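Dear colleague,

Please find below the structure that I am handing over to you. My notes on it follow.

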Amino acid sequence: MFESAEEKAAKRQQREDEEKQAAAAQAAQVRAAADDRARRAWAASPTGVATTAKQAGQEFFEVQLQVGSHTGTASWGAATGKQVTVSSADTLGDIERIGWRLEHASHVFMVTGQTSTDRVFLSGENTAVSGTMVGVYLFRNDRAVEPPADAGPPAGEDTP
């Protein structure tokens, strides 16, 4: 009916131990979910896809990477634009380290939109185009380089 101080302390200690175990299990689940998300994101990245293709023994690998964008606006008779460039050199280097050799590169401007406005004091229109510059890279399998034994993001890396 009544518990002694030792019994109360033992129950409290047991409850605290159970709470610590539950917290540790929950933390392990969170870590496992984060690791799984990182692995799936890496597998969908250009480096992950290249690794999978290398392991499958494919002869060629093609990747398309955005290397720039242009945003054009036209209003009040004038057209302006803003250009942004992005380097894909790190990604291309990672793909070559896996065992691919760059065979061909080309670039394409893909129009994503345009705006136009009537010119002021002149006839006609000013048109501003928006779009992205995409690099298309074709790699050949370098058979002298063995495919990576394990496919996954480098240790300690959360995202590609």
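Two strands are taken to pair if DSSP finds at least two bridges between them. Helices (H or I, at least four residues) and strands (E, at least two) are DSSP runs, numbered from the N terminus. The model is a predicted one, in which local features need pLDDT of at least 70 and side-chain atom pairs count only at pLDDT 80 or more, while totals for chains, interfaces and linings use all residues. Residues are numbered from 1 along each chain as its sequence is written, and side-chain values use heavy atoms, with hydrogens and water left out.

The sheet

Four strands form an open sheet, in which the order is β2-β1-β4-β3 and the pairing is antiparallel. The edges are taken by β2 (78-85) and β3 (100-118); each has a single partner strand, so one side of each is left without a neighbour in the sheet. On average, neighbouring strands are turned by 20° against each other, direction ignored. Such angles run from 0 to 180 degrees between N-to-C directions, and the axes are lines fitted to C-alpha atoms, for helices over the stretch in contact.

Strand β1 (residues 60-75) is joined to strand β4 (residues 125-141) by ten bridges, and the two run antiparallel. Along this pair, Val63 stands opposite Tyr137 of β4, and Gln66 stands opposite Val134 of β4. Between β1 and β2, which also run antiparallel, there are eight bridges. Ser69 has Val84 in β2 as its bridge partner.

The helices on the sheet

Helix α2 lies across β1, β3 and β4 and runs at about 160° to β1. Helix α3 likewise lies across β1, β3 and β4, running at about 155° to β3.

How do α2 and α3 pack against each other? Helix α2 (residues 46-55) and helix α3 (residues 89-98) meet at an angle of about 20°, and their axes are 9 Å apart. The two are therefore roughly parallel to each other (angles under 35 degrees count as roughly parallel, over 145 as roughly antiparallel, 65 to 115 as roughly perpendicular and the rest as oblique). On the α2 side the contact (heavy atoms within 4.5 Å) is made by Pro46, Thr47, Ala50, Thr51 and Lys54, and on the α3 side by Thr91, Asp94, Ile95 and Ile98.

Burial in and around α2

Which residues of α2 are buried? They are Thr47, Gly48, Ala50, Thr51, Ala53 and Lys54, where buried means under 20% relative accessible area, exposed over 50%, and partly exposed in between (1.4 Å probe, protein chains only). The elements that cover these buried residues include α1 (5-44), β1, α3, β3 and β4.

Thr47 lies in helix α2 and has a relative accessible area of 17%. Leaving aside neighbours within four places in sequence, Thr47 is in contact with Trp42, Asp94 and Ile98.

Ser45 lies in the loop between α1 and α2. Ser45 is also buried, with a relative accessible area of 8%. After α2 comes Gly57, which has a positive phi, near 80°.

With kind regards
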